[in-house]
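Open the model in your viewer and keep the sequence panel beside it. We will go from one selection to the next, and at each stop you can look at what is there.

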Amino acid sequence: MFGALRERRFRLLWLGQATSTLGDGLVPVALAFAVIQTLDGSPTELGIVLAAQTLPLVVFVLAGGVWADRLPRQMVMLVSDVIRCVVQATIAVLLLSGHAQLWELVVLVAIDRKS
């Protein structure tokens, strides 16, 4: 039934992508709580942060796809995931330390979506 998961390389790919997909689904929820509760932000500020998450995707998807197709796939995936990990860890540290600013979240979320 799960024959493909017996292959080590596929299993690692699948686990990494499944974890990434789960995290992608949780990020907007965590950002909403962070902006509204931690930063005492307004719904407008939450909209700005969420727009910063979507806008780079719309702007860079075509050029990024063409560029990424010219590079080794494994390297693109690993570099992208490392950048996203660093960005999300930075967001977590800023929020947990109480030093987060709205503009920092906007910039970090935009970087997270470009990678």
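Start by selecting Ser42, which sits in the loop between H1 and H2. Keep in mind as you look around that this is a predicted model. Is Ser42 buried, exposed or partly exposed? Its relative accessible area is 28%. Buried would mean under 20% and exposed over 50%, so Ser42 counts as partly exposed.

Now show the contacts of Ser42. Setting aside the neighbours within four places in sequence, you will find Ser42 in contact with Val35 and Ile36.

Next, colour the helices. How many helices and strands does the chain have? There are 4 helices and 0 strands, and reading along the sequence gives the pattern α-α-α-α. Select residues 43-69 to pick out helix H2. Then switch to colouring by pLDDT, the predictor's confidence in each residue. Among the elements of the chain, H2 has the lowest mean pLDDT, 85, while H3 has the highest, 89. For the chain as a whole the mean is 86, with 97% of the residues at 70 or more.

Our next stop is a pocket. Select Arg8, Arg9, Leu12, Leu13, Gly16, Gln17, Gln74, Met77, Leu78 and Asp81, and you have the lining of the second largest pocket. This pocket has a volume of about 320 Å³. How can a space like this be found at all?

Of the contributors, H1 gives the most, with 6 residues.

Finally, zoom out to the whole chain. Its C-alpha trace spans about 50 × 30 × 25 Å along the principal axes. What share of the 115 residues is buried? Buried residues make up 21%. If your viewer can draw contacts, display those with a separation of 6 or more: 62% of them join residues 24 or more positions apart.

Technical notes. Residues are numbered from 1 along each chain as its sequence is written. This is a predicted model: local features need pLDDT of at least 70, side-chain atom pairs count only at pLDDT 80 or more; totals for chains, interfaces and linings use all residues. Side-chain values use heavy atoms; hydrogens and water are left out. On a 1 Å grid over the protein atoms alone, a cavity is a set of points where a 1.4 Å probe fits but cannot get out, and a pocket is an open set with protein on both sides within 12 Å along at least five of seven lines; lining residues have an atom within 4 Å of a point. Grid points are joined across faces, edges and corners, and a volume is the space filled by probe spheres set on the points. Helices (H or I, at least four residues) and strands (E, at least two) are DSSP runs, numbered from the N terminus. pLDDT is the predictor's confidence in each residue, from 0 to 100. Buried means under 20% relative accessible area, exposed over 50%, partly exposed in between (1.4 Å probe, protein chains only). Contact means heavy atoms within 4.5 Å.
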